[in-house]
Amino acid sequence: MTMRCIIFLTFALASGALAADVTVGTATARSGQKSTGVLPVPAGIDAATNIPVIVVNGAKPGPTLALVAGAHGTEYASIIALEKLAQIADPSALSGAVIIVPLVNVASFAQKVPHLNPTDNKNMNRFFPGKSDGTQTERASWALAKQVVEKCDYLIDFHGGDLDENLRRYSYWAQTGKEKLDAISRGMVLTFGLDHIILQNFRSPVPAGGAITLTRFATDIGKPAIAVEAGHSGTTNAADVDVLVDGIHNVMRHLKMLPGTVAPIDHPIWLGRSTTLTSQYDGIFYPLVGPEAYVSKGMTIGYVTDYFGNKIWDVPSPVSGVIIYIGAVPSMKKGDNVAVIGEPADNP
């Protein structure tokens, strides 16, 4: 090796310029580069799929942050926010790497099907870590678990109001009982900046056969993770998209992945429990309150008519609290979610 090569190698190692390549699925990004590809989900008992992925590998060493959206493919604002972030991300300014998965549920997005993966009619945020030989949702969850969650140091899961949900912005913070893990995730949720935060209890094991979300799986294997929600009723309002992009940048500054400092939100509204109200009838739904409204127990928050316009049910709030989301469309069938109400709690 020549003296020139030795000097260059010594300088590169000292400056971190030779940071390792980052590979996720078919995307490989070298230090200071951005790469696109897919997470291939091979065919099994049903169809194959390809999940888009973008890897932004910073010019300087640092942690790896995973950003995942589109498990529900018609929660559009969060999908568009990650697409926007991928376009503006600058590897030269970044310490560490960002794995961006903007659209997990491609079939839902393409077919405009809310809540579920139309390939197997499963919720793509309930089956982690998945199975390599399960249905498409389970195989996709397995790919995300192996290729994204296990490779990251921190994770943010993005959601929002689906086609039938009129939603206010909020985030989730889970308490695991592990002091260090909880302190890190608390810092992430406060610096993300949404002023309503729902508390989750991840201390107890999930019952056999119970739903395991992306954030639950991530925290179970020791990765600090939060979930955030913005956007509603199929809209992609600039304010909703921008608040998500700004929140990501705030967390990245907090984690020292980007230069600058950020102050955590001072006085968030903590919501200790969220109660889901489901419909007792088929019919046409008329909301009387919107998201962010404070309601008292027993207060009428909407009503349902039959298909002739005759009122058949005044919808009472089951608890006192704040409307997190309420039905956004007239279509209503028995068992559908009418609203979710969050109950304020003390600062944890």
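Modeller: Start with a cut-off: a residue is buried when its relative accessible area is under 20%. Keep in mind that this model is predicted.

Biologist: How do I read the two faces of a strand?

Modeller: In a regular strand, side chains alternate between the two faces of the sheet. Now take strand β11, residues 225–229. On one side sit Ala-225, Ala-227 and Glu-229, and on the other Ile-226 and Val-228; all are buried.

Biologist: Why is β11 described as largely enclosed by the rest of the structure?

Modeller: Because 5 of its 5 residues are buried.

Biologist: Which strands pair with β11, and in which sense?

Modeller: Strand β7, residues 154–159, runs parallel to β11, joined by 5 bridges. There, Leu-155 stands opposite Ala-225. Strand β9, residues 170–175, is antiparallel to β11, with 3 bridges. In that pairing, Ser-171 has Val-228 as its bridge partner.

Biologist: Now the cores. Which residues touch the most other members of the largest nonpolar core?

Modeller: Leu-67, Ile-100, Ile-156, Phe-158 and Phe-192, in a core of 37 residues. Helix α7, residues 238–254, gives the most to this core: 6 residues. A second, separate core has 31 residues, including Ala-71, Val-101, Ala-145 and Ala-225.

Biologist: What is Phe-158 in contact with, beyond its neighbours within four places in sequence?

Modeller: Contact here means heavy atoms within 4.5 Å. Among the partners of Phe-158 are Leu-67, Phe-192, Leu-244 and Ile-248.

Technical notes
Residues are numbered from 1 along each chain as its sequence is written. This is a predicted model: local features need pLDDT of at least 70, side-chain atom pairs count only at pLDDT 80 or more; totals for chains, interfaces and linings use all residues. Side-chain values use heavy atoms; hydrogens and water are left out. Buried means under 20% relative accessible area, exposed over 50%, partly exposed in between (1.4 Å probe, protein chains only). Helices (H or I, at least four residues) and strands (E, at least two) are DSSP runs, numbered from the N terminus. Two strands pair if DSSP finds at least two bridges between them. A nonpolar core is a set of buried Ala, Val, Leu, Ile, Met, Phe, Trp, Tyr and Cys residues joined through side-chain atoms within 4.5 Å.
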